[in-house]
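Biologist: I'd like a close look at one part of this model, and then whatever you can tell me about the contacts and strands elsewhere in the chain. Take your time and walk me through it.

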Amino acid sequence: MHLPTLASSLLCVLPTLVSAHSHIAYLLINNVHYHGYDPSGRTPNSPNGVVWPNTAQDDGFVPPSNYSTSDIICHRNGKPAQAHAPVHAGDKIHVQWNGWPISHKGPIMSYLASCTGHNTSDGCASVDKHQLRWTKIDNSSPGFMNMTGGPPGKWATDQLIANNNSWLVGIPSTLAPGPYVLRNEIIALHYANKEDGAQNYPNCVNLWVEPPAGKVVSVIEAGVNMLEPTQGLPATQLYKSNDPGVSIDIYTTLRTYAIPGPTVAPWAEPVAVTAQRKLSEPLTTGTPVKLVGDKTVPWPPAEKTAA
């Protein structure tokens, strides 16, 4: 089977956006690369990907009229990835999108949901997405930056584009070890002045969170902010079509912006919009892990990429 190389993954982020929107092409965690998922089929997908597969073959979006459907959870017909990307509490994850149209202004959100307690023996690999409860850990505040250049002004998505279409997500340093789903989402508002015009691009990633690097921390110590299975909101309750941050005309002169969804958890450690930066590309593909009971095993062995 032909698997995507790191080089092909990097090439796929070039902005072929005349007829496409976007998806998560890959992740960078602790200087190694983890495959994303391309629903369009333009690049082959790795069986050891950590990004949830979905059927948005047009790289398209979820409209507000579908906020109450399962499509808003992890995109259209999203289903769990079989592997998890290992990450330490306190790490930062570089989420690389496959380009982003400059006209698609809006905020960038990140949520976490715990897979612990969901009666699975494989972490998030067989979790029922309808049972996941989401806690917001980043909302790209203030979302709308300023009116530079006149309406629609400068938004969080402009910062993403300036950093090679990437976004840094901070994993809280007090997060308990275990399996989690990270939900990274962009809301495009260029048509939000029309009925059902906002565009949500939710993508999900399986994570295996370990204690902070260099520390031996008990679950109780690390679990000061442990996410319980019932903590947070179902994705179908995150937004409403008439939220002021969803139904909005960004082509008028704005002074503030009401970021949609719940507030950011007080223990979250988001990377400020002004501190966002692109990371250098590694030469090695990371080894995802698979959960077998309460243990993790490499899945499969790491792939090496020639320099």
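Modeller: Let's start with glutamate 281, which sits in the loop between α4 (219-222) and β12 (289-292); helices (H or I, at least four residues) and strands (E, at least two) are DSSP runs, numbered from the N terminus. Keep in mind that this is a predicted model, where local features need pLDDT of at least 70 and side-chain atom pairs count only at pLDDT 80 or more, while totals for chains, interfaces and linings use all residues. Residues are numbered from 1 along each chain as its sequence is written, and side-chain values use heavy atoms, with hydrogens and water left out.

Glutamate 281 has a relative accessibility of 32%, so it counts as partly exposed (buried is under 20% relative accessible area, exposed over 50%, partly exposed in between, with a 1.4 Å probe and protein chains only).

Now the charged pairs. There are 4 salt bridges, counting a side-chain nitrogen of Lys or Arg within 4 Å of a carboxyl oxygen of Asp or Glu. One of them joins arginine 42 and aspartate 59, at 2.8 Å from N to O. Both residues lie in the loop between β2 (32-35) and α2 (71-74), so the pair ties together parts that are 17 residues apart in sequence. Arginine 42 is partly exposed at 44%, whereas aspartate 59 is buried at 1%.

Another salt bridge brings aspartate 158 and lysine 105 together, again with 2.8 Å from N to O. This pair links distant parts of the chain, with aspartate 158 in helix α3 (residues 156-162) and lysine 105 in the loop between β4 (92-97) and β5 (108-114), 53 residues apart. Both aspartate 158 and lysine 105 are buried. Then there's glutamate 185 with arginine 183, whose closest N and O atoms are 2.8 Å apart, and both of these are buried too.

On to the strands. An open sheet of 5 strands runs in the order β3-β11-β10-β5-β6, with mixed pairing; two strands pair if DSSP finds at least two bridges between them. β3 (85-88) and β6 (135-138) are the edge strands with a single partner each, so one side of each has no neighbour in the sheet. Neighbouring strands are turned by 40° against each other on average, direction ignored (axes are lines fitted to C-alpha atoms, for helices over the stretch in contact, and angles run from 0 to 180 degrees between N-to-C directions). Inside the sheet, β10 (residues 178-188) and β11 (residues 199-210) pair in the antiparallel sense over 11 bridges. Proline 179, for instance, has tryptophan 208 in β11 as its bridge partner.
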